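Here is a short briefing on one protein model. Look through the sequence and the structure first, then read the notes below.

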Amino acid sequence: MTGIDIKPDAQGKVRDLYDLGDRLLLVATDRISAFDYILEDEIPCKGQVLTQLSCFWFELLDGVVENHLISADVADLPGQFKPYADYLRGRFMLVKKADMFPLECIVRGYLAGSGLKEYQKQGTVCGIELPSGLANSSKLPEPIYTPSTKAEIGGHDENISFERSAELVGEEDASRLRDLAIAVYSKARDHAAAQGIIIADTKFEFGRVDGKIILADEVLTPDSSRFWPGDQYAEGKDQPSFDKQFVRDWLDANWDRQGNPPRLPQEVVEKTSEKYIQAYETITGSRFR
């Protein structure tokens, strides 16, 4: 079985969402997105990696912030989903229904991606001034918080200032989200470093349940983070990675961003799957599946 015959109540770029009243069933598919497009080719095992790695982090980070996870055990699947247990095993989460904040809470510990491009032009990242003399992949003096809006599928997230985030959610919540995001990143960064992985940057999503802010959606996966192998890190150049940057790099070299993205070669699909699995195994210290 390669899917579910029950129509989801909502779909994201990667996840299918089923509304169960006071709970949600989140199913991570093997879809992959890049540059705001959902690519035609799927990445084997990707959905299981995203779910199982998120579950690992939710447990590790529980002392920092509560989260939305109820269960990822097929024994707890609602009755109508039990016929699909073989497909769902390892790729679903039963979660609390939260009132989500309209922000991507991004934390950057290293200079890379769009942040590097802005810094090279004007010495800032999302308007935050940084010391002069930093290079590609430099470690920042301290992690910085750079929120963005959350775009609909096909749209573009927009980097915004902290002040603008406070206008959207209120000063108190904006400050709390910033502090939680940096605390979660710092805890995860230290764990990953001990396992030989650098978390260059990542994005979180938070919601509110019964008045309390909780961590939701996926967390610290190869889809939402830049993972670099620590033993190969060298400042001043692009880094090898355990994330979908591999796919982005191939698209950059083979697509002019006109029209729909091209199909991925089989070797790119297989290598991306291997990188996702390697990220899971290195971070958790456990064999995948």
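E205 counts as buried because its relative accessibility is 13%, where buried means under 20% relative accessible area, exposed over 50% and partly exposed in between (1.4 Å probe, protein chains only). This is a predicted model, in which local features need pLDDT of at least 70, side-chain atom pairs count only at pLDDT 80 or more, and totals for chains, interfaces and linings use all residues. Residues are numbered from 1 along each chain as its sequence is written, and side-chain values use heavy atoms, with hydrogens and water left out.

**E205**
- E205 lies in strand β14, residues 197-209; strands (E, at least two residues) and helices (H or I, at least four) are DSSP runs, numbered from the N terminus.
- The side chains of E205 and K150 are joined by a polar contact of 2.8 Å (a pair of N or O atoms within 3.5 Å; within protein, one must be able to donate a hydrogen and the other to accept it, and residues adjacent in sequence count only if both atoms are side-chain atoms).
- Beyond four places in sequence, the contacts of E205 (heavy atoms within 4.5 Å) include M100, L103, I214 and D217.

**I4**
- I4 is found in the segment before β1 (10-11).
- With 19% relative accessibility, I4 counts as buried.
- Not counting residues up to four places away in sequence, I4 touches Y18, V27, F81, Y84, Y87 and L88.

**Helix α1**
- Helix α1 covers residues 46-60 and has 15 residues.
- Of these 15 residues, 12 are buried, among them W57 and F58.

How values were computed
Expected span 1.5 Å × (residues − 1).
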